[in-house]
Amino acid sequence: FYFDLANIQVLYGPQGTLFGLSNDAGALLFEPQHPKNDFEGYGQVTFGDYGRETIEGVVNVPVVEDKLLVRIGGQYQKQDGYQHVELQNIDLLNQNYWNFRGAATFTPTDNLQNELMINYFDTQYLPGAFTYAGFSTVAPAAFPIPLQSLLNFAQAGFVGAGPKAQLTGVNVNLASLLAQQHQLGYYKIAALSINNPTAILKQLNIVNTTSWDINDNITLKNIAGYQEIFNFSRADIGGLQFGLLNGPTPLQSTPSGPTVQYNEEVQFVGNFFDSKLNLQAGFFNQWGGSSQGGVANTRAPYGIAYTNDFAGISVSGASQTQTSRTNAIYTQGTYNLSDYVEGLSFTGGFR
């Protein structure tokens, strides 16, 4: 998402009246470049550490001057991971993604404009794992896991010696594993409980914005949005071969359709009293849903996500469907008081 940007805005303080209740401490806005009335573009290639390769390019075409403008761009990046697993001989936390963005602006009249923007992101990478840093033989009261069973399960031995030793199943405890981890350091781990970890994320965003300049001071906007996210993960985040967290399960988690979300917003924007008062008001609607349990979706097939924690002591799988809907009306205005005190303004809003 973070290529070919027009600007990055940092908004301080509560932004709940314009952006919703979750924006109570500020907001970061990333605005992509919009189509321009010039034939232009750029391309660049970046190389870096860990085999990084980034290819990026954008082209802007005024198909019909001042009427129909199109801007298309893409980015591809791959980079090796920096957390190495000795037994599986793989590097976790790598990067492997591509991103496409296309936008078209249509201006049939001087006071009417429509912009359609489509963004698609696709990545598949190897998720990271915790580095084993220590253990306690006292089970915390707030989380009473069956510690003795876990310790018994970890009674394993090694073939060979040093960082590349492999588990066999006899006579070594968690202290031996910790000693092995100290030899490996922070960015290496001895083994995972699964041989093929993977994480997949695909996201599609479509936004259509129609603006009508009623006069020089008042604009009416309609913003319609569609989003779908597909997310699947198979990981051993515990970082120990006996499967501390999310290790191998009796059944593999199954992929499912994407989470889908729709947005519809109408905005009224105006400047009044010689532009001393900037006012925005409107109503916002959002609806969608998900099937949770590690994999979200609203479309069939409805997958099941399984977890296997604490070396197989607790195995669970779940598929849950939920829907959500948000409806809001809002207004926010800023009045410029520089006539009385230079730089002073007052902002108030309601949602």
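## Overall make-up

A residue is called buried here when its relative accessible area is under 20%, and by that criterion 34% of the 351 residues in this protein are buried. The model is a predicted one, and side-chain atom pairs count only at pLDDT 80 or more. In terms of secondary structure, the protein contains 3 helices and 20 strands.

Taking the contacts between residues at least 6 apart in sequence, 60% of them join residues at least 24 apart. The accessible surface of the protein amounts to about 19900 Å², and carbon and sulfur atoms account for 57% of that area.

Histidine 84 belongs to strand 6, which covers residues 83-85. Its relative accessible area is 18%, and because this value is under the 20% cut-off, histidine 84 counts as buried.

The side chain of histidine 84 comes to 3.4 Å from the backbone oxygen of isoleucine 90.

## The largest pocket

The largest pocket holds about 2100 Å³ of space. It is lined by 48 residues, of which Phe19, Leu29, Phe30, Val207 and Ile223 are the closest to its centre.

Sorted by class, the lining of the largest pocket consists of 23 nonpolar, 19 polar and 6 charged residues.

## Enclosed cavities

Rolling a probe the size of a water molecule over the atoms shows where empty space is left. How many cavities of 30 Å³ or more does a search of the whole structure find? The search finds 2, and the second largest cavity has a volume of about 40 Å³.

The lining of that second largest cavity is made up of Asp4, Gln33, Arg71, Ile72, Gly73, Arg101, Gly102 and Ala103. Two elements, strand 5 (68-79) and strand 8 (95-109), each give two or more residues to this lining. By class, the residues around the second largest cavity divide into 2 nonpolar, 3 polar and 3 charged, with Gly counted among the polar residues in this division.

How values were computed
Residues numbered from 1 in each chain as written. Predicted model: local features only at pLDDT ≥ 70, side-chain atom pairs only at ≥ 80, totals over all residues. Heavy atoms only, no water. Helix = DSSP H or I, 4+ residues; strand = E, 2+ residues; numbered from the N terminus. Buried < 20%, exposed > 50% of the residue type's maximum accessible area, 1.4 Å probe, protein only. Contact = heavy atoms within 4.5 Å. Areas by Shrake-Rupley, 256 points an atom, 1.4 Å probe, with all protein chains shown as cover. Polar contact = N/O pair within 3.5 Å; in protein donor to acceptor, adjacent residues only side chain to side chain. 1 Å grid on protein atoms, 1.4 Å probe; cavity = no way out; pocket = protein on both sides within 12 Å on 5 of 7 lines; lining within 4 Å. Points joined across faces, edges and corners; volume = space filled by probe spheres on them.
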